[in-house]
Amino acid sequence: MRTTPPRPVDVTAVVPQLAPLARTATRLHPRPGSPTPYDSSVGGALLWPADEPWPRCEGPHEWDKVNEILSPEDVRQRRRIRAAAENRPGGDPPATGYTPEVPAFEERIKAGRPWPEGPIAMLPVAQLYVRDVPLLRPPGRAEADLLQVLWCPFDHPAQPETALFWRSAATVTDILDTPPEPPAIQFAGYLPEPCLLAPEQITEYPNIMELSKELQHQLEDWRRWQAAGTALDSSATPRAKAFYHGFYTDRLSVAPGWKVGGWTRWGLTDPVPRLCPSCGTEMDPLLTIASAEWNSHNPYWIPDEDQAGSTSSTTDPAPWNPTMLDLARGYDLQLHVCPASPDHPHIELIQ
């Protein structure tokens, strides 16, 4: 179980016009584990039919001639080595706890691998059962109770390219035991560590940049906060508009980390239209694939159960990044889908 702390303020008491904009989001709270095909998971085994071809990416896949060419197993072994070193007596800093096998492993990595050619087997990213995340029901597919997300672990052009599959779990009776893996991945941060999930529903409000100017001005009005009985930092003077913007953005609007639904995150860019390429309908946030569950600049959403170890840097994976993903240098990949039809293509957004 993971429990998001209560918000310090009921923002609808400050700005009642925000009430109709409230949306339910499901924080997934991934934590390292050994998921089976029957679990909702990140980076775990999929309930994939044995007679259905495994998805592959046609490319192109280009090497930057700078980063190491690593196979998924190379990445896993390097993670195991680091974790073992950190848990071994005298293993702090980690290099002091390495065993004699480590130099041989690193020499093999330095020797390099051939750059893969042709179609690349995609990697499992997430598997979500509707029983765990009721928000997932796709329009027009009442029988679909399972969403599977895979990606190509190469940049296309600046992030992995994703593929979505909706299916009925009851129709999968013969499961693919050993899915193919790509011979190489572009970055270690594109291989998710297997995680089980602890879904939790919360309420979100839009990013402040998506609000009308009128609502933004109301959030800047310190008298509204006072009238609502809100006790804010004494340094928040009536003229400190940035304080009220930051308070709303960091603590009251959009949660960090992996989630389904809710509102879109912004920050890398200003908001841009997310329109369906097929019909022009405004698209809905489906899944946020996060590089971190929280960071030191925004600790206000850390689950109660993780508060004690939230700043620990001696475990691998770190508590704030259990999936060990790193997308676009720490940003998130958000998938949006068309509410009119699950057959329309989804779009990807890095923020």
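1. A disulfide is a pair of cysteine sulfur atoms within 2.5 Å. The model under review is predicted, and a search of the whole structure finds zero disulfides.

2. Cys152 takes part in no disulfide. Its nearest cysteine sulfur belongs to Cys57 and lies 3.7 Å away, whereas a disulfide requires the two sulfur atoms to be within 2.5 Å. Cys152 counts as buried because its relative accessibility is 0%.

3. Cys279 is likewise in no disulfide. For Cys279, the nearest cysteine sulfur is that of Cys338, at 3.7 Å. With a relative accessible area of 39%, Cys279 is partly exposed.

4. Turning to the helices, H2 spans residues 72-87 and H3 spans residues 101-111. The two pack at an angle of about 150°, and their axes are 12 Å apart. H2 is therefore roughly antiparallel to H3, since angles over 145 degrees count as roughly antiparallel. The crossing of H2 past H3 is left-handed.

5. Which residues make the contact between these helices? On the H2 side they are Asp74, Gln77, Arg78 and Ile81. H3 contributes Val102, Phe105, Glu106, Arg108 and Ile109.

Key: Residues numbered from 1 in each chain as written. Predicted model: local features only at pLDDT ≥ 70, side-chain atom pairs only at ≥ 80, totals over all residues. Heavy atoms only, no water. Buried < 20%, exposed > 50% of the residue type's maximum accessible area, 1.4 Å probe, protein only. Axes fitted to C-alpha atoms, helices over the stretch in contact; angles between N-to-C directions. Helix = DSSP H or I, 4+ residues; strand = E, 2+ residues; numbered from the N terminus. Parallel < 35°, antiparallel > 145°, perpendicular 65-115°, else oblique. Left-handed = near helix turned anticlockwise from the far one by under 90°. Contact = heavy atoms within 4.5 Å.
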